[in-house]
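Morning, everyone. Please bring the model up on your screens. I'll walk you through it piece by piece.

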Amino acid sequence: MLHSAVLNVMIKAAHRAGRSLKRDLGEVEQLQVSVKGPGNFVTAADRRAEEIVREELAKARPAYGFLGEEGGVREGSDKTHRWIVDPLDGTTNFLHGIPHFAVSIALERGGAIVAGLTYNPANDELFVAERGKGAFLNNQRIRVAARRRVGDAIVGCGLPHYGRGDLRLSRYEIAAAQQNFAGLRRYGSATLDLAWVAAGRLDAYWERDLSPWDMAAGVLLLREAGGFATDLDGGEAIFAKGQIAAGNETMHRELVRLLREAGKEAAAPAAIAEAK
Ligand code: IPD
Ligand code: CA
Ligand code: CA
């Protein structure tokens, strides 16, 4: 398939950063057995990857703005274009030598995401999408799964860390998912979760407390693969609320419904008493 010039720029940046992360993953594996652990090394690997992405993108499009997880906001002279980058999504996996993490790059034009890429250097899987042109995994067109029965579906999620987010609510949501879906997964990379829904590997996915760089590329991938994504109330405020529910039309609708029910149960006085 023929990519646009700008997508080629994004792919080049992701491949370069990916090579750096893959090299560093080898080092991380060695550091597992050291007393100090790989913590500081991973922070440096993360920053290095963002610097590589930023440098590559700036070389090709010097005027565009940049929003990166590590380096924050850099204003560009071109106010209509902005890169949104997570150089390493799935840091906890990376830290433990688990080969499930990704470089995520999205291009925003006039407030809308027009190109997105999610690249897992560990297995060389490259997911790309441009608005109106479909979604691809290593040059093969991808589509969301066609499954219609909730009882057959595998659903991905993100879980709040202890002390962050609403742990009690998440327990009700997990219980609802366990009772209704065939399986629940927590893989640890939001951008890959969305790409995997786009590729039909997961039937649906939800998570709260996310940042724009976790979702920007994945939302486009998902929609270009024929999927549906909203905030957890079924509205458009994915980025404003930092939360997402995704799937094919049926799975997305059912997921939003189940999560709403779980929310009501969690807020009921009986549930609150029980949780105390
Ligand atoms: C995290 C991952 C994870 C999600 C977290 C994110 P990071 O991003 O996407 O799956 O559950 O909420 O913050 O920290 O690895 O870039
Ligand atoms: Ca992230
Ligand atoms: Ca990150």
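Start with D86. At 1% relative accessibility, D86 is buried. Buried here means under 20% relative accessible area, exposed means over 50%, and partly exposed is in between, with a 1.4 Å probe and protein chains only.

Some ground rules. This is a predicted model, where local features need pLDDT of at least 70 and side-chain atom pairs count only at pLDDT 80 or more, while totals for chains, interfaces and linings use all residues. Residues are numbered from 1 along each chain as its sequence is written, chains are lettered from A and ligands numbered from 1 in the order in which they are written, and side-chain values use heavy atoms, with hydrogens and water left out.

Back to D86. Which two ions does D86 bridge? They are the calcium ion (ligand 3) and the calcium ion (ligand 2), and they lie 3.7 Å apart.

Take ligand 3. This calcium ion is coordinated by E69 (OE), D86 (OD), D86 (OD) again, and L88 (O), at 2.1 to 3.2 Å. Donors are N, O and S atoms within 2.8 Å of the metal, or 3.2 Å for Na, K and Ca; water is not among the atoms, so sites may look incomplete. Along the sequence, the donor residues of ligand 3 are spaced E-x16-D-x1-L. E69 sits in the loop between β1 (64-68) and β2 (72-74), and D86 in strand β3 (residues 78-89), so the pair ties together parts that are 17 residues apart in sequence. Helices (H or I, at least four residues) and strands (E, at least two) are DSSP runs, numbered from the N terminus. E69 is partly exposed, at 33% relative accessible area.

Now ligand 2. The protein donors of this calcium ion are D86 (OD), D89 (OD) and D214 (OD), 2.1 to 2.2 Å away. Their spacing along the chain is D-x2-D-x124-D. D89 is buried too, with a relative accessible area of 6%.

D89 also leads us to ligand 1. How many residues surround ligand 1? There are 13, and the closest are D89, G90, T91, G188 and E207. To be near a molecule, a residue needs one of its heavy atoms within 4 Å of it. Look at the polar contacts, which are pairs of N or O atoms within 3.5 Å; within protein, one must be able to donate a hydrogen and the other to accept it, and residues adjacent in sequence count only if both atoms are side-chain atoms. An N or O atom in the D89 side chain is 2.7 Å from an oxygen atom of ligand 1. For A190, a polar backbone atom is 2.9 Å from a ligand 1 oxygen. For E207, a polar side-chain atom lies 2.4 Å from a ligand 1 oxygen. Alone, ligand 1 exposes 380 Å², and the protein buries 78% of that. Those areas come from the Shrake-Rupley method with a 1.4 Å probe; for residues, only the protein chains shown count as cover.

On to the helices. D214, our ligand 2 donor, is one of the buried residues of α6. Helix α6 (residues 212-224) has 13 residues, which should span 18 Å at 1.5 Å a residue; its end C-alpha atoms are 18 Å apart, which agrees. The expected span is 1.5 Å times one less than the number of residues. Is α6 mostly covered or mostly open? Mostly covered: eleven of its 13 residues are buried. Just after α6, G226 takes a positive phi of about 90 degrees.

Helix α2 (residues 39-60) has 22 residues and should span 32 Å; its end C-alpha atoms are 33 Å apart, which agrees. Its buried residues include V42, A45, I52 and L57. Their cover includes α1, β1, β2, β3, α3 (91-95) and β4 (102-109).

Zoom in on I52. I52 is buried, at 11%. Beyond its neighbours within four places in sequence, I52 is in contact (heavy atoms within 4.5 Å) with A13, R16, A17 and S20.

Finally, D24. D24 is in helix α1 (residues 5-31) and is buried, at 9%. Setting aside residues up to four places away in sequence, D24 touches F41, A45, R48 and F94.
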